[in-house]
Amino acid sequence: MRTIHRIAIGVLVGLFFASGYAARKECARRQAALIVAKDNKAVFEGTRIASTRLADVSGDVDIRPLETLYTVLNRLREHYVEQLTVEDEGKMTHEAMRAMLAWFRDPNTRFIEQPERRVVLDAEHGKFHGIGAVLAIKQIWRPSKDKPKERVSEEHLVVVTLLPGSPAAKAGLKPGDEIVAIDGRDVLPFDPYQHVSDLVGTDRFRDTTDSQKRKMLDAEQKRIDEGIGIVEAEALLTGEQKKAVTLTLAAKPPAKPTRLTILPQDMVVDVVGDPRMETSTIGYIDINYFGSTTADEFAQALRELQAKSAKALIVDLRGATGGDMGAALKIAQWFEPGRNLAVLIKSRGRKTVIQVPSTNNGEPWRKPVVLLVDRGTARAPEVLAAGLREVGAAKLVGEKTYGNFTDSTLIDLADGSGIVMATGKYVTAKGYDYNGKGLPVDVQAATSDEQMKAAIKLLTGGKS
Amino acid sequence: MSKTMRNVLLVVVLLVVAFVVGFEVPDVRANGTDIGKWRASIEMMPQRLRSLGGQSTDPSTQTLPLIDTYSVVMEQIKANYYGIKAINERELTYDAIRGTLRALGDPFTRFMDPESYKKMVEENEGNFTGIGAQLDTNKNNEVYVKEPLEDTPAWRAGIKANDVILAVNGKSIKGMNILDVVKLIRGPADTKVRLTLRRPGVAKPFDKTIVRKVVEFRMVKYRMADENAKIGYVRLYQFNEKSDQQLDEALAKLEAQHMKGLVLDLRGNPGGLLMSAIDVASRFLESGPVVIIQERGGQRNPYYVEEEKHNHKRYPLAVLVDKSSASASEIVSGAIKDDGVGTLVGVTTFGKGLVQTILPLPDHSAVAITTAKYLTPKGTDINKKGIAPDLTVEPADNLDITDPKTDNQLAAAIDVVKVKMGLLPKSALDKYEKAAKVADGGTQVTDKAAPPGDDRPGGSLVRRRHEPDAKPKPLAPLSRPR
């Protein structure tokens with residue numbers, strides 16, 4: 001009897017243990033489906049991709065395109081007039097990836113060569129090259145003229161912001177400037193022939209003589225032959241080359257395009273400037289770039305201001321860029337630990353709530369905060385500003401931000417090159433989408449001085 | 001009683017503890033191994049990619065293998081790409097293939113998607129099925145018949161030049177791209193297509209039903225260019241499977257009109273099939289090699305004149321060439337120049353001394369791969385250099401190849417033939433030579449005489465498939481009709 005009892009109890013204990021385990025698993029599964037934004041910086045640094053279960057897609061991999069590519073490669077190896085080397089194949093792989101990703105016509109999706117990859121890495125640590133400006137490829141879609149069902153795109157190389165003290169800033173380049181030519185070479189959009197197609201469709205072209213038409217087309221061809229691709233242009237201006245470049249900037253007619261000559265130089269930017277007391281009670285922290293050391297430097301600056309018993313805080317995000325969401329989260333941790341900062345919308349309808357980690361490194365800041373932003377505020381700083389504004393942790397002063405809420409992922413390839421791919425879009429926790437529009441501010445102010453004054457007024461006014 | 005109670009309580013407590021422990025176990029693990037696993041999976045990615053390159057992990061010593069890299073990137077795209085454009089794996093792969101080929105730096109090694117491959121095959125065969133009308137768009141963006149080709153279904157149905165097409169099979173084509181209209185009109189042989197047409201001078205639009213047939217491209221145009229001196233003119237547009245036969249017919253017809261001299265016009269001829277070039281050259285050369293193919297590895301295979309094709313009299317001959325005469329055109333003009341059987345007039349040719357083989361792919365696309373070089377019979381490599389004419393004549397600014405009055409190069413070629421025929425003194429050509437010297441000192445390519453290395457006739461490669469190879473058109477819009 002006793003033995004049977006014991007066995008029964010043993011089995012019951014086992015069963016309960018198992019059901020407890022199962023219950024926990026189920027809870028974990030549900031929770032994981034909701035949020036995976038733990039205090040794990042690596043998750044946000046372009047490596048998130050590794051967590052995607054590849055098994056999800058292997059079922060619908062189409063073998064035929066692969067077979068075609070494979071056959072082409074084999075034919076080349078067997079028959080091409082020159083014997084192909086391993087180096088040839090490395091080059092072929094690069095060009096294949098470049099062409100394949102260019103198919104998307106997406107400024108956030110592209111192949112990057114080793115030097116560009118190094119530039120990305122350097123930026124994470126506050127090291128910059130080239131003219132010292134953060135550039136962006138601005139894309140505009142419109143319906144095609146000759147094929148009404150299709151849409152065509154047009155790309156512009158624009159200056160988002162200038163790094164403080166950079167050659168570009170000294171030369172007088174301004175945020176919002178559009179670079180139309182470099183050293184006299186036209187900056188070409190993804191499809192350089194679109195312009196030609198448009199030209200051919202105009203009445204001006206139709207009504208002219210054949211020899212005039214020929215001349216116009218030849219001129220276009222020359223422009224294209226001598227031009228520089230927009231991606232290449234961006235890489236040139238932010239890369240490690242040191243030769244002086246002459247930029248031609250777009251101007252609204254009748255004004256003539258202006259030219260600027262800039263000598264590139266390597267520079268190190270303080271990702272977070274030295275904190276100071278703007279008034280006796282208001283502390284000020286300037287963030288220039290969201291990279292790998294930004295969060296720690298910010299924490300240190302904030303502690304200094306706390307020690308000086310600041311009663312209010314201005315965080316200057318004007319001209320701040322960078323894609324490090326980990327930094328944004330860690331900074332948010334000082335203001336709204338545990339709250340939801342944003343929602344990341346991913347492919348195939350997947351969503352991830354981006355939750356600010358619970359605090360673990362000091363007392364959070366619960367006093368008034370103003371974030372200074374302008375149209376040079378882009379990417380991770382924008383997501384941070386949008387999130388803090390939405391939960392009421394901060395007011396925004398300045399100008400509408402740039403409007404790049406895309407999430408892109410960097411995949412490193414074995415030879416040091418890489419692939420940048422758009423993998424999602426951030427919206428606010430409540431679902432507001434500012435991508436391509438820019439984040440509105442609470443108090444509009446145009447010049448730097450006015451912005452600072454408005455911020456101080458808001459902080460002191462709020463108290464009285 | 002109290003003992004039973006205690007026992008029951010003990011069991012319950014035990015069970016609760018078991019449940020809690022069971023519940024908490026993964027939590028304990030999550031603090032350790034789960035995060036570890038998470039990290040490991042994050043770190044695995046670069047490692048996995050790295051391992052594709054070989055054993056070493058130093059990036060500078062790595063080269064990326066194409067297929068593996070493609071597979072990994074394609075997987076990532078399909079799993080995670082977020083953007084406006086829906087992923088089209090086929091198009092992505094085609095662009096990857098185009099990139100792969102571009103890396104070779106050889107503009108002639110290129111990819112053809114199924115549609116362009118089909119079109120190329122049709123062009124090489126020298127025919128297509130349709131109604132045989134050349135279409136264009138007019139000022140009002142309407143599609144109209146520029147010319148019904150002679151002896152085609154369109155011609156027989158009474159379609160006239162300048163008929164505007166309003167609808168195809170009752171479906172309005174308003175605003176439609178001309179290439180899409182062509183697609184609608186084309187179809188399998190012996191099927192019907194109904195066109196709604198508007199004809200200038202006819203009040204009401206009317207319908208015509210036409211039976212599609214196989215239509216032959218005319219590759220050759222000919223006429224007697226100089227009636228007095230009996231100098232014939234033959235223009236060859238391209239080298240396809242019909243070219244040689246049509247040339248033969250043209251020469252026979254001109255001979256029937258007592259032709260005494262000939263101008264062969266290869267201007268603007270982008271080339272075509274290798275065998276067609278050999279056939280055409282055989283009409284003019286008596287013997288010897290037409291071209292030497294240098295295979296991968298350096299082996300040289302000469303291709304000889306096909307003597308049974310040499311069925312025409314030998315007349316004084318001038319060959320017109322320009323910077324668009326390429327590939328097969330250069331084989332023919334190179335052979336004629338080296339042999340001395342004719343005089344080249346015009347400007348230096350394109351300079352394409354590479355032979356492509358077209359290799360069909362499993363999904364009905366194809367790839368043209370440069371598999372060999374060719375040399376002229378004297379062993380000259382003309383690649384990227386072109387063939388310099390014997391008499392350089394720059395085209396006049398207003399030159400219209402279809403209008404003999406504006407064609408100064410044709411006039412010079414006729415003079416060359418006349419000198420050969422003894423109708424003009426040799427000094428009649430001085431003015432051209434002087435003009436050429438003024439133009440640019442005359443770029444002459446010297447012929448290095450090198451004997452063919454190997455005497456064996458053509459190898460076993462699929463020569464039949466050798467390359468049409470229009471040189472890639474530089475400007476996209478120019479490939480539109482007109």
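**View 1. Nonpolar side chains form a surface patch of about 520 Å².** Its members are A:Ile7, A:Val11, A:Leu12, A:Leu15, A:Phe16 and B:Phe19. Everything here belongs to a predicted model, where local features need pLDDT of at least 70, side-chain atom pairs count only at pLDDT 80 or more, and totals for chains, interfaces and linings use all residues. Residues are numbered from 1 along each chain as its sequence is written, chains are lettered from A and ligands numbered from 1 in the order in which they are written, and side-chain values use heavy atoms, without hydrogens and water.

**View 2. Let's zoom in on A:Phe16, in helix α1 of chain A.** Helix α1 of chain A gives the nonpolar patch its largest share, five residues. Helices (H or I, at least four residues) are DSSP runs numbered from the N terminus. A:Phe16 is partly exposed because its relative accessibility is 33%; buried means under 20%, exposed over 50%, and partly exposed in between.

**View 3. Positive charges gather at the surface.** Meet A:Arg2, A:Arg6, B:Lys3 and B:Arg6. Lys and Arg count as positive, with each charge placed at NZ of Lys or CZ of Arg. Helices α1 (2–34) of chain A and α1 (2–53) of chain B each supply at least two residues of this patch.

**View 4. B:Lys3 sits in helix α1 of chain B.** B:Lys3 counts as exposed because its relative accessible area is 53%.

Methods. Patch = residues over 30% accessible without salt bridge, like charges linked within 9 Å, V, L, I, M, F, W, Y side chains within 5 Å. Areas by Shrake-Rupley, 256 points an atom, 1.4 Å probe, with all protein chains shown as cover. Salt bridge = Lys/Arg side-chain N within 4 Å of Asp/Glu carboxyl O. Buried < 20%, exposed > 50% of the residue type's maximum accessible area, 1.4 Å probe, protein only.
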